[in-house]
Amino acid sequence: MKQIALIKFLFAVTIVRAADVPITQDDLVRRTQELYDAIVPGDQAPWKKYFADDCIFADEKGRLFDKAKLIADITPLPAGYSGTIKIENAQSRIIGNTAILSYDANETEAIFGQNLKAHYHITDTWLQRNGNWQIIASQAHRYYEDPATGTVDANKFTDYIGTYELAPGQIRSVSCEGDKLFVERKGKKEQLLPETSDLFFRKGVEGRILFRYSDNGRVNALIDRRNNEDVIWRKTK
C-alpha cells in the first residue's frame with residue numbers, strides 16, 4: 001500500500017511539474033517589448049495575450065485600469081503621429097511562479113515632424129497560472145525632467161530681491177548676480193532658472209517659484225508652488 005501511495009504522489013508531482021513553464025529575463029523583455037511595439041499600430045492582440053483578466057494597471061498619471069479599460073485604450077495613433085518605446089536597464093527577480101521585471105521605457109514621439117521624448121520607469125509582476133505567464137500588476141511613473149529654460153527680464157530682479165519669511169525663524173533670501181537670480185536658505189544657495197520672465201524653477205527640483213505683487217505694484221510674497229499647491233513666504237524687507 002505504501003508503494004502505491006508513493007507512486008501516486010510521484011505521479012501527481014510529475015503532472016504539476018509538467019505544467020510549470022520556466023521563464024527567463026530575456027523572455028520577459030521580449031514579451032514586454034512586443035507590447036510596446038504594438039502601441040503605434042493599435043494592435044491589441046499582445047495586450048490581450050500578456051495581461052491577466054484580473055490585472056491591475058496603474059499608469060504614470062495615477063490612473064487605474066482593469067483589463068477591459070486597458071485594452072480599450074490601445075488604439076492606432078492619429079495621422080501625423082508616430083513613435084517608439086524602447087526598454088532599457090531591465091532587472092528581474094524570478095521566484096517560482098512569480099516574476100518581477102523592472103525597467104526603463106524610453107519614448108520618442110513625433111507629432112507632425114516635431115520630436116518629443118519621455119522617460120518612464122515601470123515594474124511589472126508576472127504570474128504563471130496553468131502554464132501561462134501573464135502580467136497581474138503593472139506600475140509606471142515618469143522621471144522628473146526640468147522644463148525648458150525661457151528668456152528672462154533681468155530688470156525685474158530688483159523687485160524680487162529681499163528677505164522672505166514662512167514662520168518665525170524660517171527665512172529665505174533672494175539675490176541676483178548680473179542676469180542670474182538666486183534663492184538661499186540656511187546656507188544653501190540655488191539658482192532660480194527662468195521658465196518665463198516671471199516663473200522660475202530650481203534644477204532637479206519639482207515645483208515652481210513665482211513672486212506675488214500687491215495692489216501697489218510691489219512684490220509682497222514668494223510662492224513655492226508644489227503640485228499646484230502654494231507655500232507662501234511673505235516678504236519682510
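Biologist: How many disulfides does the structure hold?
Modeller: Zero, where a disulfide is a pair of cysteine sulfur atoms within 2.5 Å. Please keep in mind that this is a predicted model, in which local features need pLDDT of at least 70 and side-chain atom pairs count only at pLDDT 80 or more, while totals for chains, interfaces and linings use all residues. Residues are numbered from 1 along each chain as its sequence is written, and side-chain values use heavy atoms, with hydrogens and water left out.

Biologist: And C55, buried or exposed?
Modeller: C55 is buried, at a relative accessible area of 5%, given that buried means under 20%, exposed over 50% and partly exposed in between, with a 1.4 Å probe and protein chains only. C176 is partly exposed, at 31%.

Biologist: Which residues have the most contacts inside the largest nonpolar core?
Modeller: They are W47, F51, Y103, I122 and W126, in a core of 29 residues; such a core is a set of buried Ala, Val, Leu, Ile, Met, Phe, Trp, Tyr and Cys residues joined through side-chain atoms within 4.5 Å. Another core, of 13 residues, lies apart from it and includes V174, F200, F211 and W233.

Biologist: Switching topic, where does I232 lie?
Modeller: I232 is in strand β14, residues 229-235, strands being DSSP runs of E with at least two residues, numbered from the N terminus. I232 is partly exposed, with 30% relative accessibility.

Biologist: What does I232 touch?
Modeller: Leaving aside residues up to four places away in sequence, I232 touches E165, L166, R212, A221, L222 and I223, where contact means heavy atoms within 4.5 Å.

Methods. Helices (H or I, at least four residues) and strands (E, at least two) are DSSP runs, numbered from the N terminus.
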